[in-house]
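These notebook entries record what I looked up, one topic at a time.

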Amino acid sequence: MQQVQKILKEHTMKIVLVLVFIFFTIITPNGQMFDASSFDSLIKQNAYVYILAIGMLMCMLIKGNIDLSVGSAVFFVDAIGAILMKKMDVPVWIAMLVMVLVGLAIGALIGWVVAFINIPPWIVTLAGYLAFRGWATALTDGQTIGGIPEGFTKLFAGYVPDIFGNPTCNITCIIIGIISCIAYIVIQVISRNNKVKKGYEVEKLSALIIKSVIITAVIMLFAYKLATNNGKGIPFYLIWVVVVALIYNFILSKTTLGRVFYAMGGNVEATRLSGINTKLILFFAYLNMQFLTVIAAWMAMTRFTSASSKLGLYFEMDAISACIVGGVSAYGGSGTVFGAIIGATLIGVINLGMSLVNLDNNWQKVVKGLVLLIAVVFEIFNNRKKTKA
Amino acid sequence: MAKVLLEMKNITKTFPGVKALDNVNLVVEEGEIHALVGENGAGKSTLMNVLSGIYPYGSYEGDIIYDGEVCKFNKIKDSEEKGIVIIHQELALIPYMSIGENMYLGNERGKSYSIDWNETYGEADKYLKMVGLSDSSRTLVKEIGTGKQQMVEIAKALAKHAKLLILDEPTSSLNEEDSRTLLDLLLKFKKEGLTSIIISHKLNEVSYVADKITVVRDGSTIETLDKKTTEISEDRIIKGMVGREITDRFPKRPNVKIGDVNLEVTDWVVHHPQYPERKVVDGVSMTVRKGEVVGIYGLMGAGRTELAMSIFGRSYGTGIEGTLKLDGKEVVLTKPKQAIEHKIAYVTEDRKGNGLILTNPIRVNTTLANLDAVSNKSVIDFNKEYQVAVEYKEKLRTKTPSVEQNVGNLSGGNQQKVLLAKWMFADPDILILDEPTRGIDVGAKYEIYCIINDLVAQGKSVIMISSELPETIGMSDRIYVMNEGKFVGELKQEDATQESIMACIMRQERGE
């Protein structure tokens with residue numbers, strides 16, 4: 001019984017995610033939530049949230065800092081990109097490079113003010129929130145710039161082509177799914193064997209098998225659904241998200257750089273006296289946030305194939321919510337890439353489900369607010385119990 | 001026989017998995033100073049928390065009989081109404097409020113909708129005078145030192161009409177002089193009829209001030225020593241605390257050869273970071289040799305920590321002047337990282353504040369100052385890291401079920417060991433230990449001293465900053481005495497006595 005409780009506690013958000021998904025499958029007309037197209041939209045609509053949430057996670061790990069400017073920065077970067085591509089006919093790759101440079105410049109500015117002038121991040125990024133949206137609107141004269149070149153949009157909004165050309169079921173997609181499953185299992189088995197060889201504690205074999213079965217089942221469900229979405233297969237958005245997530249997961253869990261982020265979240269002063277340049281790390285967190293914002297900006301622009309003044313609105317809130325719901329501590333020091341992804345997915349599922357049942361847009365915001373609040377309260381209670389025991 | 005003011009009968013308090021108090025009995029008579037001593041985690045603070053209502057009635061077993069009646073406190077306010085006031089170890093004053101505001105916080109003078117500031121400050125000044133403070137109660141708390149803050153805490157307790165005052169480690173952050181003032185104050189109030197319970201690690205203070213001493217060990221009261229009937233010596237108390245006799249409080253150092261000078265500081269000046277015109281360290285020169293333990297004795301605020309941190313990669317202060325030579329070569333260290341690379345380690349006095357990451361496991365804390373040693377092209381080798389943590393855990397005999405345990409769950413002594421492990425793993429030649437035994441119990445202190453001996457036996461140098469005279473004298477080969485930012489004396493071990501050290505300070509205070 002205690003074991004069950006422990007498992008429930010550790011995986012609460014994942015279980016909630018599954019329950020919410022089932023709930024919407026039941027209440028949507030014809031179980032639309034479980035349709036192949038819903039899986040596709042879930043990825044398309046939330047790709048930018050995943051990317052921004054990972055950047056926000058890095059900021060939040062350091063004492064719960066946030067970046068409020070990312071939504072406006074998305075619009076600003078996109079406005080520049082759209083002007084370059086559409087109005088000035090600059091080649092796509094040059095435009096993308098300029099967008100990256102602009103993003104890095106913004107990040108360097110914010111990071112410098114936060115880390116080296118020592119201004120609270122929320123004030124600095126609030127300034128960015130106001131200034132970049134205003135500036136970008138001025139640049140575009142408040143007009144929507146449409147007709148973004150296809151050479152750019154297909155990098156994100158396209159699909160991995162099917163080498164077998166089956167019109168109803170994308171075989172490539174299934175194969176990639178199977179390969180991912182095998183890769184996952186092989187990595188798990190190798191790392192477990194290594195631990196056993198060196199005599200370290202390992203999780204029970206049964207737990208490993210159950211975990212592997214669940215993970216492969218989820219991967220294959222996605223592979224099957226995406227493959228049968230009129231044969232479209234894997235959207236490039238998903239590839240981008242997976243690559244970014246894997247890289248950042250590696251950085252945070254395996255490298256000294258990642259370790260420093262967690263250490264700073266626990267005690268900045270102790271980390272500084274351990275010979276670590278804490279200001280540089282804080283600077284890097286904000287630089288990195290804006291770098292990821294550029295990727296999110298590409299995703300947002302390709303999805304709408306235009307840059308309009310509403311682009312990127314509330315993106316920062318989506319990213320922060322995803323982190324909080326995904327168990328990232330609002331006080332810093334704990335949280336994982338995987339957690340942020342679960343959080344983003346949960347919010348994505350709720351969003352999609354609510355629009356499928358045609359819930360009024362304003363009520364959708366109320367629901368999202370409640371979800372956020374419940375998640376934070378839940379985290380606090382969970383931690384309190386842990387410290388008491 | 002005097003009237004019994006408080007009797008705690010068969011108090012048992014359990015936390016999930018641990019019995020913190022087991023049938024504890026405590027009798028306190030009116031008008032006495034009763035000391036509670038015991039090792040860390042023995043249950044002293046828990047007992048006082050039961051008494052003051054922090055753990056409400058019903059969450060423990062047993063009875064509290066105070067002033068002749070059984071008490072059922074549900075919150076601190078209940079016990080305060082009866083005149084039981086507790087002063088916690090960590091100062092609980094709000095720095096940006098005035099002394100007067102702090103004293104009447106939650107207990108404001110005047111009507112419920114408007115505070116009578118004249119009465120507040122008038123009353124506050126009255127109580128401040130009683131504790132011997134001449135500061136105005138309108139002064140902000142952040143502008144007075146820790147010694148005075150502790151006095152404000154006592155004034156605050158008096159303002160609540162305390163009959164029974166409980167002080168939890170009141171002198172742990174005070175220097176010798178302020179401690180003495182505080183203890184004398186307690187003796188003065190005793191004459192006026194105030195009863196106090198004092199929890200302390202400092203046995204010399206306990207034997208100075210207490211009428212009775214109750215020893216707590218492993219959640220039980222072992223014995224109560226009465227000054228009237230038994231001779232109380234520090235050794236006698238220690239025997240009760242640890243359950244065996246400790247014959248020597250400072251371990252003998254095997255003959256360590258003292259080698260060449262490996263650290264030399266000349267005319268070192270450090271200015272305060274916020275008030276750059278103020279010199280915190282003023283023209284200090286010192287040398288440290290290989291294999292030597294150099295003690296820096298000084299009172300709190302003498303500039304010891306500031307001196308150490310400014311040497312450690314300028315991690316404190318501005319406008320640092322003077323030269324630093326390592327092995328005869330002049331170096332300029334501007335970052336902690338450079339100091340570590342030049343094999344200097346600074347082990348902080350404030351292990352919770354800037355030494356350890358309490359929410360992280362021992363493993364992570366152990367390697368933080370030398371992550372490169374357990375990583376390969378900045379990818380951490382977790383196996384190696386784990387082995388390192390286990391190795392140091394065993395070497396320093398840190399008591400913990402596993403190195404994956406969060407440091408915050410360890411006792412003070414074990415935390416100090418983790419902190420030492422962290423810096424030993426950084427492989428320094430010179431270790432600056434700032435108050436290495438603050439707030440840890442007798443047994444753990446002894447172990448820390450043994451570690452210091454091992455370090456110098458390996459040819460490393462140790463600079464030990466301390467405000468405990470016996471420790472400084474017992475451990476150092478050579479002692480620098482520091483006061484008001486200056487070195488006011490240098491003594492060899494054979495010349496060092498409590499009197500000769502204090503004389504150095506007095507000479508300077510008199511301006512000779």
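**Conventions.** I worked from a predicted model, in which local features need pLDDT of at least 70, side-chain atom pairs count only at pLDDT 80 or more, and totals for chains, interfaces and linings use all residues. Residues are numbered from 1 along each chain as its sequence is written, chains are lettered from A and ligands numbered from 1 in the order in which they are written, and side-chain values use heavy atoms, with hydrogens and water left out.

**Interface.** I first looked up contacts, meaning heavy atoms within 4.5 Å. I found 23 residues of chain A in contact with 33 residues of chain B. I then looked up the buried area, which is the accessible area (1.4 Å probe) that two parts lose on being put together, summed over both. Chain A and chain B bury about 2,100 Å² between them, with 60% of it on carbon and sulfur atoms. I noted that A:Tyr200, A:Arg259 and A:Leu273 supply 32% of the area that chain A buries against chain B, more than any other three residues.

I next searched this interface for salt bridges (a side-chain nitrogen of Lys or Arg within 4 Å of a carboxyl oxygen of Asp or Glu). The rule finds one across the interface of chain A and chain B. A:Arg259 forms a salt bridge with B:Glu385, and their closest N and O atoms are 2.5 Å apart. Of the elements, α11(A) gives the most to the side of chain A that touches chain B, namely six residues; helices here are DSSP runs (H or I, at least four residues), numbered from the N terminus.

**Helix α14(A).** I asked how many residues of α14 (residues 315–325) of chain A are buried, where buried means under 20% relative accessible area, exposed over 50%, and partly exposed in between (1.4 Å probe, protein chains only). Ten of its eleven residues are buried, including A:Phe315 and A:Val325. Just after α14(A), I noted a positive phi of about 85° at A:Gly327.

**Aromatic rings.** Rings of Phe, Tyr and Trp (its six-membered ring) pair if their centres lie within 6.5 Å; planes under 30 degrees apart count as stacked, over 60 as edge-to-face and the rest as tilted. I recorded 21 aromatic pairs over all chains. A:Phe116 and A:Phe283 form a tilted pair, 6.0 Å centre to centre with 50° between the planes. This pair links distant parts of the chain, as A:Phe116 and A:Phe283 are 167 residues apart.

Notes
Helix = DSSP H or I, 4+ residues; strand = E, 2+ residues; numbered from the N terminus.
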